[in-house]
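Work through these exercises with the structure in view. Try each task before you read its solution.

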Amino acid sequence: MSLHTPLSTGEINSLRRVGSGLAKFLPNADRMRLTSLGLITVTAGGRLVLTQGGKEQLAEREVRAKCDSTRRLQ
């Protein structure tokens, strides 16, 4: 899979799990891809955390989802 391939729904959900502190149960493939994209990293203590890029990716998706929701209501 290319690094430029858009994130799958599962990968987006994994990114959200990392952001909410529930990263223990990520599929290994998602963990590897999100790490290779620089969206998550492993701390010295072994925890998965979002990088700045990961935080921005989730924020952009949240904005798009709100815009889409607003358009549907109009």
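**Exercise 1.** Find the partner of Glu 11 in a salt bridge and state how far apart the closest N and O atoms are.

*Solution.* Start with the rule: a side-chain nitrogen of Lys or Arg must lie within 4 Å of a carboxyl oxygen of Asp or Glu. Glu 11 pairs with Arg 33, and their closest N and O atoms are 2.7 Å apart. Glu 11 sits in helix H1 and Arg 33 in helix H2, 22 residues apart. Helices here are DSSP runs of H or I with at least four residues, numbered from the N terminus.

This is a predicted model, where local features need pLDDT of at least 70, side-chain atom pairs count only at pLDDT 80 or more, and totals for chains, interfaces and linings use all residues. Residues are numbered from 1 along each chain as its sequence is written, and side-chain values use heavy atoms, leaving out hydrogens and water.

**Exercise 2.** Where do Arg 64 and Glu 60 lie, and what joins their side chains?

*Solution.* Both lie in helix H3 (residues 52–73), 4 residues apart, about one turn of the helix. A salt bridge joins the side chains, at 3.9 Å from N to O. Arg 64 has 44% relative accessibility, so Arg 64 is partly exposed. Glu 60 has 44% relative accessibility, so Glu 60 is partly exposed.

Notes
Helix = DSSP H or I, 4+ residues; strand = E, 2+ residues; numbered from the N terminus. Buried < 20%, exposed > 50% of the residue type's maximum accessible area, 1.4 Å probe, protein only.
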